[in-house]
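Hi,

Here is the model I promised to pass on.

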Amino acid sequence: MGPEQHLAPYAAHSETSRGRSFNEPSHASRSEFQRDRDRIIHSSAFRRLEYKTQVFLNHEGDMFRTRLTHSLEVAQIGRSLARNLRLNEDLVEAIALAHDLGHTPFGHVGQDVLNECMKDHGGFEHNLQSLRVVDTLEEHYGAFDGLNLLFETREGILKHCSLTNAQQLGPVAQRFIDRTQPTLEAQLTNLADEIAYNSHDIDDGLRSGLITIAQLEEVDFFARHWLDTQRTYPGLSGRRAIYETLRRIITALADDLIHTSAGLLADAAPKDVDAVRAAPPLIRFSDPMRKDATELKRFLRKNLYRHYMVNRMRVKASRIVRELYDAFMEDHDLLPPDYVVGGDETKQARKIADYIAGMTDRFAIREHRRIYSLDDL
């Protein structure tokens, strides 16, 4: 049996893919989506995710998640979900591992500030930057720029896109104009991402001491699973109790998604990927579970992401990104030669955004220090 013969007819299959921008011969021992995954893992941008912020700055502690460990957790959850629904695990894994390649240093604050800096030059959005990384910025092959990934992988990476940007990007963004859906694998990875960050941000928030179990017990979804852990293991406390509770939360979310999506797929009975694109979203949580997940997200937004200690980090990170951008725009001689294009201001601004977005947290801090610190004279 071939590597994809077990897949459902509505799953993405390599042989019916819309292909690569540059034709390449197939590989004897790997499917085309496996090749995409492998190219992503070997990319420079993937390695840099190890030192990019998820919620807490990389240097604030060795045990907090980074963009790399987050991406690995999304891939693990995604593969498990895909297997249960007979979808293409290799495509899910490729999308999961690539979805944050374009993220700036310092998490979402880096993106927000860079978007403000670029407002007169097309803005900045990390999903579009992830696509730019795999389409253009990676330099591994003699025949083309980027990684030359399959259409379906690129489509899954592009989770969000404005109509203006979609009109410029061509076929990979056509669904945002036509209001159609991506593959089931892309839909699934989007929700695997949500499962991963909801659960691990609780873990990191508790580890940091910025949120407490007492606060979380006000969230019904968490409280139910915390109580179940206490009933199953009376007197259990500390990290074990937290892990047992988070394991139950992840399982509840995953089982609900599998059950709900299987029912939707059975009712819709799409014959192939084209039928999936024409249908409404078919990978979903049930309404009660969506309510629970939303309640958890709101708690984290209010109590963790907007915590005053996190806000202090945001202020510092904002200053670093903004001042780097301003310095590079004012004096191009401060840039490495590969990032100087000259002439067109918008093209130069985009290259500066590429440079800053590609930085790790600690490299951005060092670059800022090299430019602004008098101690380095």
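Before the aromatics, the ring criterion: rings of Phe, Tyr and Trp (its six-membered ring) count as a pair if their centres lie within 6.5 Å, and the pair is stacked if the planes are under 30 degrees apart, edge-to-face if over 60, and tilted for the rest. On that basis, a search of the whole structure gives 6 aromatic pairs. One of them is F222 with W226, which is stacked because the ring centres are 5.9 Å apart and the planes are at 20°.

Some housekeeping: this is a predicted model, where local features need pLDDT of at least 70, side-chain atom pairs count only at pLDDT 80 or more, and totals for chains, interfaces and linings use all residues. Residues are numbered from 1 along each chain as its sequence is written, and side-chain values use heavy atoms, with hydrogens and water left out.

On confidence, pLDDT is the predictor's own score for each residue, from 0 to 100. The protein chain has a mean of 93, and 96% of its residues reach 70 or more. Helix α8 (residues 163-169) has the lowest confidence, at a mean of 91, while helix α4 (residues 89-98) has the highest, at 98. Helices here are DSSP runs (H or I, at least four residues), numbered from the N terminus.

F222 and W226 both belong to helix α12 (residues 220-232), 4 residues apart, or about one turn of the helix. For accessibility, buried is under 20% relative accessible area, exposed is over 50%, and partly exposed is in between (1.4 Å probe, protein chains only). F222 is buried at 1%, and W226 is buried at 13%. Elsewhere, ring pairs join F328, Y339, Y355 and F363 into a cluster.

There are also charges over rings (NZ of Lys or CZ of Arg within 6 Å of the ring centre and within 35 degrees of the ring normal). R362 lies over the face of Y51, 3.8 Å from the ring centre. The charged end of R239 sits over the ring of Y243, 5.1 Å from its centre.

Helix α13 (residues 238-268) has 31 residues and reaches 45 Å from first C-alpha to last. That is close to the expected 45 Å, where the expected span is 1.5 Å times one less than the number of residues. Just after α13 comes A269, with a positive phi of about 45°. A269 sits in the loop between α13 and α14 (273-278) and is partly exposed, at 48%. R179 also has a positive phi, about 60°, although it is not a glycine. R179 is in the loop between α9 (174-178) and α10, and is exposed at 71%.

Now the largest pocket. A pocket is an open set of points on a 1 Å grid over the protein atoms alone, where a 1.4 Å probe fits, with protein on both sides within 12 Å along at least five of seven lines; lining residues have an atom within 4 Å of a point. The largest pocket holds about 690 Å³ of space, the volume being that filled by probe spheres set on the points, with grid points joined across faces, edges and corners. It is lined by 30 residues, and R67, H108, Y197, D201 and Y305 lie nearest its centre. α10 contributes most to that lining, with 6 residues.

Lastly, D326 is in helix α16 and is partly exposed at 41%. D326 and C117 are 209 residues apart in sequence and 8.2 Å apart in space, C-alpha to C-alpha.

Cheers

Definitions and conventions: Helix = DSSP H or I, 4+ residues; strand = E, 2+ residues; numbered from the N terminus.
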